Amino acid sequence: MEETILDSLSMVYQGALADSVASVKEVLAGQQESITGNLLTSNNIWMMLATALVFIMHLGFAGVEAGFTQAKNTVNILFKNTMTVCIGLLTYALFGFALMYPGEFQLIAGGILGFAGWGLTLPDGGLSSGYADAGYTYWTDFLFQAMFAATCATIVSGAVAERIKISSYLIFTLFFVGLVYPIIGSWKWGAGFLDEYGFYDFAGSTLVHSVGGWGALVGIALLGPRVGKYASNGEKREFPNFSIPLATIGVFLLWLGWFGFNGGSVLSADPGLTSLVLTTTSLAAAAGAVGAVLVASLVYNRLDQGMALNGILAGLVGITAGADLMSWGESIIIGLISGGLVVLSVELLEKLKLDDCVGAVSVHLTCGIFGTLAVGIFGSMASWDQFVIQLVGLLTCGGMASLCAFIIFGGLKATSGIRVTEEHEVSGMDSHEHGVRGLTIVYDA
């Protein structure tokens, strides 16, 4: 009798325990689903904000390039900046995103070339909580990466300004941002062979900035300097800037946009890592200005506002490869060195008679190279082995970018030509190519 009662009680207890366990599991599953949903929402909001900040960088580039060039070419500069982001978005949607993140490198094995298919594949409508480890949605991923692609082409725009045919520039942009940038980017960010090799580039000192810088260097070499820039006796002519205030506004917009460029590259709203990246980014920018002003004062014997602005950009480019790896002190050192390098690079290009209207090559290529190598010198990954890996990675990307830029620019030069006539260049490209001036002042009679 007692055994029967005990068995009955045991069965009741086990049943109640099973029901309790099931209830607890159900509650925990609901909480986990809620946590995952909230995490996705939080991360996605930050990534969308970062995307918007990177978009603002295009306005910053427009201000810098228009401010540092001559007033007679303002509309031409702004037109190029307008069309660059538009071409970049469209080509990245059609095929660039699928080239950069192919999933499998089935076209050329070994992490060299793959293609996921035309257009946007939209897995689960682009809203799957499992996409990117619940970091953000497919839509946000595409748009964030597309803004980076357009930025790469914009770097070329300023360097080749005031003498390139607008049609040639747009064709170059179509191929460079549509094909060259995503293929090189896939080697690291798309889990290609450089990623497997151990190459590190957090937000693009090489993959965005130096790739664009190599394109710019090839462009100015094939174009030649502006008419009257270098005299036969070796003296150089300084062309009047349209607006230093406009250039200053542009640089601070770029600094603002870099919070999204670097901060968004955390690829989540992780509070610790995101705040560290924003701090190292800003400290490097500030130190870049100081470094550039100090070196420029020795070289030019004046306090140069243009160099202070380019020094900010130099520091930003220099920290981009390792913004998540550096201490606050190391970010200042990287910024100071980058600021000094940008001045020395500008002087070197002048001696070589390579006419870069806005200092784009010095900012994005020179400091992009240094920033990439800095990962092996400073921060948590510093070692001789990592330095060698960084060097191999940037040489590989640089070689590919330079070769492709030479093929595109060289092909255009041999066929349709890449430079406007001397008459159009001297009188200004706004009137001849756009039929309107950038700044018109009307006085009442």
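Guide: On a 1 Å grid over the protein atoms alone, a pocket is an open set of points with protein on both sides within 12 Å along at least five of seven lines, a cavity is a set where a 1.4 Å probe fits but cannot get out, and lining residues have an atom within 4 Å of a point. Grid points are joined across faces, edges and corners, and a volume is the space filled by probe spheres set on them.

Visitor: What volume does the largest pocket have here?

Guide: The largest pocket has a volume of about 580 Å³, and its lining is made up of 30 residues, with Glu238, Met307, Val346, Glu350 and Cys357 lying nearest its centre. Please keep in mind that this is a predicted model, in which local features need pLDDT of at least 70 and side-chain atom pairs count only at pLDDT 80 or more, whereas totals for chains, interfaces and linings use all residues. Residues are numbered from 1 along each chain as its sequence is written, and side-chain values use heavy atoms, with hydrogens and water left out.

Visitor: Which elements give two or more residues to that lining of the largest pocket, and what classes of residue does the lining have?

Guide: Helix H9 and helix H10 (328-351) are the elements that give two or more residues to the lining of the largest pocket, and the largest share, four residues, comes from H10. For the classes, Ala, Val, Leu, Ile, Met, Phe, Trp, Tyr, Cys and Pro count as nonpolar, Asp, Glu, Lys and Arg as charged, and the others, Gly among them, as polar. The lining of the largest pocket then divides into 12 nonpolar, seven polar and 11 charged residues.

Visitor: How many residues line the second largest pocket?

Guide: The second largest pocket, with a volume of about 370 Å³, is lined by 18 residues, and those nearest its centre are Tyr101, Gln145, Trp189, Ser265 and Leu267. Helix H3 gives the most to this lining, with four residues, and the classes there are 12 nonpolar, two polar and four charged.

Visitor: How many cavities of 30 Å³ or more does a search of the whole structure find?

Guide: Rolling a probe the size of a water molecule over the atoms shows where empty space is left. In this model, the search of the whole structure finds one cavity of 30 Å³ or more, and the largest cavity has a volume of about 80 Å³. It is lined by 13 residues, and the closest to its centre are Phe61, Val64, Val358, Ala360 and His364. Two or more residues of the lining come from each of helix H1 (2-68), helix H3 (138-159), helix H9 (305-320) and helix H11 (360-374), and by class the lining has seven nonpolar, five polar and one charged residues.

Visitor: How many helices and strands does the chain have?

Guide: The chain has 14 helices and zero strands. Contact means heavy atoms within 4.5 Å, and among the contacts in the chain with a separation of 6 or more, 77% are accounted for by residues 24 or more positions apart.

Visitor: Is alanine 401 buried or exposed, and what does it touch?

Guide: Buried means under 20% relative accessible area, exposed over 50%, and partly exposed in between (1.4 Å probe, protein chains only). Alanine 401, which has its place in helix H12, is buried because its relative accessible area is 0%. Not counting residues up to four places away in sequence, alanine 401 touches Phe176, Val180, Ile184, Val211 and Trp214. Across the chain of 445 residues, 53% count as buried.

Visitor: Why does threonine 280 count as buried, and where is it found?

Guide: Threonine 280 is found in helix H8 (residues 271-300), and it counts as buried because its relative accessibility is 1%. Leaving aside neighbours within four places in sequence, threonine 280 is in contact with Ile319, Ala323, Met326, Ser327 and Ser331.

Visitor: Which loop holds asparagine 301, and what is its phi?

Guide: Asparagine 301 lies in the loop between H8 and H9, and it has a positive phi of about 60 degrees although it is not a glycine. Asparagine 301 counts as exposed because its relative accessible area is 70%. Alanine 191, which is not a glycine either, has a positive phi of about 65 degrees and is found in the loop between helix H4 (166-186) and helix H5 (193-197).
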